[in-house]
Amino acid sequence: MNIEEINNMSAEEAIKVLDRHLEENPYDDEALTLRGMRHWSLSHRSQAINDYLAAIRLNPASPAVQLLQSANDILNFYNKDLYNP
């Protein structure tokens, strides 16, 4: 598995490849982060966040920390102008 190859695949195909890889290598935080990014691109928010959290549990210095923070910022965004037009 090569990161460049994963990045050139469609999101669905990349998730399948990463699923197979993670079955054999469940402690690969980089693969969990990549799969989370692909889930996020498909709007599978909860699956992406679960992958980010799993990657962080394995490696607290993982790039998934920043991705999780960004995901939370997006999900917590509130625009009061849209609430009361």
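Helices here are DSSP runs of at least four residues, numbered from the N terminus. Keep in mind that we're working with a predicted model.

**Exercise 1. Find out where aspartate 51 sits, whether it is buried or exposed, and what it touches.**

Step 1: Locate the residue. Aspartate 51 belongs to helix 4.

Step 2: Check its cover. Buried means under 20% relative accessible area. Aspartate 51 has a relative accessible area of 6%, so it is buried.

Step 3: Look for its partners. Skip the neighbours within four places in sequence, and aspartate 51 is in contact with Leu32, Arg35, Gly36 and His39.

Step 4: Leu32, Arg35, Gly36 and His39 are among the buried residues of helix 3. That takes us to the next exercise.

**Exercise 2. Describe helix 3: its span, its cover and what it packs against.**

Step 1: Get the span. Helix 3 runs over residues 29-41, which makes 13 residues. From first C-alpha to last, helix 3 reaches 18 Å, close to the 18 Å expected at 1.5 Å a residue.

Step 2: Count the cover. Helix 3 is mostly covered, with 10 of its 13 residues buried. Among them are Asp29, Ala31, Thr33 and Trp40.

Step 3: The buried residues of helix 3 pack against helix 1 (3-8), helix 2 (11-24), helix 4 (45-58) and helix 5 (64-75).

Step 4: Recall a bit of helix geometry. An α-helix has 3.6 residues a turn, so residues three or four places apart point the same way.

**Exercise 3. Inspect what happens at the start of helix 3 and what follows it.**

Step 1: Go to the start. There, a side-chain oxygen of aspartate 28 comes to within 3.2 Å of the backbone nitrogen of glutamate 30.

Step 2: Serine 43 follows helix 3, and its phi is positive, near 65°.

Technical notes: Residues are numbered from 1 along each chain as its sequence is written. This is a predicted model: local features need pLDDT of at least 70, side-chain atom pairs count only at pLDDT 80 or more; totals for chains, interfaces and linings use all residues. Side-chain values use heavy atoms; hydrogens and water are left out. Helices (H or I, at least four residues) and strands (E, at least two) are DSSP runs, numbered from the N terminus. The expected span of a helix is 1.5 Å times one less than its number of residues. Buried means under 20% relative accessible area, exposed over 50%, partly exposed in between (1.4 Å probe, protein chains only). Contact means heavy atoms within 4.5 Å. A polar contact is a pair of N or O atoms within 3.5 Å; within protein, one must be able to donate a hydrogen and the other to accept it, and residues adjacent in sequence count only if both atoms are side-chain atoms.
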